[in-house]
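Visitor: I'd like to learn how to read a model like this one, feature by feature. Could you walk me through it?

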Amino acid sequence: NTYLAPLRERRAELLARPKMVMEELYLGTARAQSLAQATLDEVHTKMGLLQAHQSAEEAAIPEPAGVFC
C-alpha cells in the first residue's frame with residue numbers, strides 16, 4: 001500500500017535510532033514539566049494559594065506553640 005509507505009519508512013528510521021528517540025522523549029518531557037509548573041505557579045498565585053516562589057514546605061501552616069499530649 002503506497003498510502004502508508006511514508007509512515008512505514010519513518011517508523012523504520014525511528015526504530016533504527018532508539019537512543020535518539022529516547023533523548024527526544026526525555027527532552028519533550030522536561031519541556032512539558034517546565035511549562036506545566038509555570039502554569040501551576042501562575043494559577044496558585046492568582047488564586048492566592050501559594051506565592052509563586054514559595055515551595056509547599058515554606059507555605060505549610062506552622063504548628064502551634066506549646067506541648068500537646
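Visitor: Let's start at one residue: in which segment does Leu-4 lie?

Guide: Keep in mind that this is a predicted model. Leu-4 lies in the segment before H1, and helix H1 covers residues 5–15.

Visitor: Is Leu-4 buried, partly exposed or exposed?

Guide: Go by relative accessible area: buried means under 20%, exposed over 50%, and partly exposed is in between. Leu-4 has 31%, so it is partly exposed.

Visitor: What share of the chain's residues is buried?

Guide: Of the 69 residues in the chain, 0% are buried. As for the surface, the accessible area of the chain comes to about 6,600 Å², and carbon and sulfur atoms account for 62% of that.

Visitor: How many helices and strands does the chain have?

Guide: Two helices and zero strands. Helix H2 runs over residues 18–47.

Visitor: How far does H2 reach from its first C-alpha to its last?

Guide: A handy check is to set the end-to-end reach against the span expected at 1.5 Å a residue. H2 has 30 residues and reaches 43 Å, close to the expected 44 Å.

Visitor: And which residue follows H2?

Guide: That's Gly-48, and its phi is positive, near 75°.

Visitor: On to charges. How many salt bridges does a search of the whole structure find?

Guide: The general idea is that side chains of opposite charge can pair when their charged atoms come close. Here the search turns up two salt bridges. In one of them, Glu-13 pairs with Arg-10, with the closest N and O atoms 3.1 Å apart. In the other, the side chains of Glu-42 and Lys-46 meet at 3.0 Å, N to O.

Visitor: Why are Glu-13 and Arg-10 separated by about one helical turn?

Guide: Because they are three residues apart in helix H1. Glu-42 and Lys-46 are four residues apart in helix H2, so they too are separated by about one helical turn.

Visitor: What relative accessibility do Glu-13 and Arg-10 have?

Guide: Glu-13 is at 43%, so it counts as partly exposed. Arg-10, at 44%, also counts as partly exposed.

Technical notes. Residues numbered from 1 in each chain as written. Predicted model: local features only at pLDDT ≥ 70, side-chain atom pairs only at ≥ 80, totals over all residues. Heavy atoms only, no water. Buried < 20%, exposed > 50% of the residue type's maximum accessible area, 1.4 Å probe, protein only. Areas by Shrake-Rupley, 256 points an atom, 1.4 Å probe, with all protein chains shown as cover. Salt bridge = Lys/Arg side-chain N within 4 Å of Asp/Glu carboxyl O. Expected span 1.5 Å × (residues − 1).
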